[in-house]
Amino acid sequence: MSTPDAVLLPYQQRWVADESPLKIAEKSRRTGLTWAEAADAALAAGAEKSVGGKNHFYVGSNKEMAREFIEAVAQWARAFDKVASSVREEIFLDDDGDKEILTFVVYFPSAGFKVQALSSSPRNLRGMQGNVTIDEAAFHDRLAEVLKAALALTMWGAKVRLISTHNGVDNLFNELIDDSRAGKKRYSVHRITLDDALGDGLYQRICLVSGKPWSPGAQQTWRDNLLKDTATEDDALEEYFCVPKASGGSYLSRVLIEARMETAPVLRFEGSTEFNSWPEAQRMAEVNDWLNARLTPLLQALNTEQRHCVGEDFARSGDLTVIAPLAIGQDLKRRCPFIVELKNLPFRNQEQIFYAVVDGLPRFSGGKLDARGNGQYLAEQARYRYGSGLIDEVMLSQRWYLEHMPPFKAAFEDDAIAIPKDADILSDLRAIQVVKGVPKIPDGNTATDGAASSKSQRRHGDAAVALCLAWAASTMDATTYAYHPVSKQADQDNHKRRIKVTRGLKQRGSLL
């Protein structure tokens, strides 16, 4: 929530404060972000060159937007006590010199710079130098060409800003956002939904400006009326909640997933009523036998020169716990050598199996564990055992999915990941859907008839979540540990005993 005397609301402040050379705002309508951008333009054009002052060019989608932006710049200049001209209308000649284009401009004579609104013709940016704002970018007919011209200005230190509501899932504006979240583009992405803006005080500011009394009830009514007035629910989601139309269906296609599948084992252990009633020592012994027979050979076959990480999605009884290790090759491709699935297994045995997996991973460099609900116990214990530098307790949320699912998808598109060939894992990955603009596992079971073992057990995209967590863990700054076991003879002969310690070992209390 904003403070009463703050000129800019918090989301506007975050936008202006972001000095990234390239940034994008996907936003709800009428949240005042363009007004905040005008403040930034006035500051840039009113500053001396020695402190970063430069021209600023605004490219809107119509004449009214251009005039409104330039008038806002003049208003901000007066508020900042900058010497600036009044808004001027000028005739701008295109490259051919035979077409007159009306532009609006504000000059800052003391600094020697200007803020000018140009038409959406890409040629108008040729030969210019300064920051560029492309407003309502998703609605430009030639966005690719305009952006191409604008990006050339960054060679000399200029900045490019794209601001828009969405205009369809296949629009270039949305593709740039997806690629940026996937790490393919270097735009800084800001997402401002109607509810985000309301949480930061938008309606309070509207009431202050219009002289109306504010109350939570009045704000809720105002919000509800906005949504009711839209023609369809899809329109409301796109206009106010940053959800481009036609988003939906499976996030990853079957063809793409199967292209990244390789033959690798999936180990499954299910606790029965009888097994779960046994004394703990007996259960631990039974699981230990299973680990020695099934897991140990797989761990011994791992490449000891490669770094390894792990992701884990937790469930006690309803869904599955899935443990997904990844080996990071010299080519940086992540390969999942096996997956462990646990069903209806007591906490202590899940902990036993997880430790067996991680203890056997060569050059273990990090893990991300689902820390929601019951999963918090194992995530916390793992952090105690391996150290906070290696284990990240993740509270899965809309924001987390929005940040980490796009890079995970990009890994499939770029052939940067290999996973076990298994029908249930395919089903889990196909369960990822775009829900209100966020790629995530939707509520409810996700097993399909095409899944082999899902006919007898419920699934909730568990393997997809574990693999996404593992991918995110693989991008953590590497912190590896290792130790060399000492033979009994060496232990008896102290002068021969040697222990090699590498970074991260001191965090592991069970070893030192």
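Analyst: Here's a walk through the core, then the rings. Keep in mind that this is a predicted model. The largest nonpolar core counts 43 residues, and Phe 408, Ile 419, Ile 425, Leu 429, Ile 432 and Leu 467 have the most contacts inside it. Several elements supply at least two residues each, including strands β12 (320–328) and β17 (417–420) and helices α15 (398–413) and α16 (423–430). The top contributor is α17, with 11 residues. Take Phe 408: setting aside neighbours within four places in sequence, it touches Ile 417, Leu 429, Ile 432, Ala 464, Leu 467, Cys 468 and Trp 471. As a rule, nonpolar side chains in soluble globular proteins tend to be buried together.

Now the rings, which form 14 aromatic pairs in the structure. Tyr 203 and Trp 222 have ring centres 5.0 Å apart with planes at 35 degrees, so that pair is tilted. Since Tyr 203 sits in α7 (residues 202–210) and Trp 222 in α8 (residues 216–229), the pair ties together parts 19 residues apart in sequence. Tyr 203 is buried at 8% relative accessible area, whereas Trp 222 is partly exposed at 24%. Phe 275 and Trp 278 make another tilted pair, with centres 5.3 Å apart and planes at 55 degrees. Here Phe 275 is buried at 6%, while Trp 278 is partly exposed at 23%. Both belong to a cluster linked by ring pairs, along with Phe 269 and Trp 290.

Charges turn up over rings too: Lys 409 lies over the face of Tyr 251, 4.5 Å from the ring centre, and the charged end of Arg 316 sits over Phe 347, 5.9 Å from its ring centre.

Note on methods: Residues numbered from 1 in each chain as written. Predicted model: local features only at pLDDT ≥ 70, side-chain atom pairs only at ≥ 80, totals over all residues. Heavy atoms only, no water. Core = buried A, V, L, I, M, F, W, Y, C linked by side-chain atoms within 4.5 Å. Buried < 20%, exposed > 50% of the residue type's maximum accessible area, 1.4 Å probe, protein only. Helix = DSSP H or I, 4+ residues; strand = E, 2+ residues; numbered from the N terminus. Contact = heavy atoms within 4.5 Å. Phe/Tyr/Trp six-rings, centres within 6.5 Å; stacked < 30°, edge-to-face > 60°. Lys NZ or Arg CZ within 6 Å of the ring centre and 35° of its normal.
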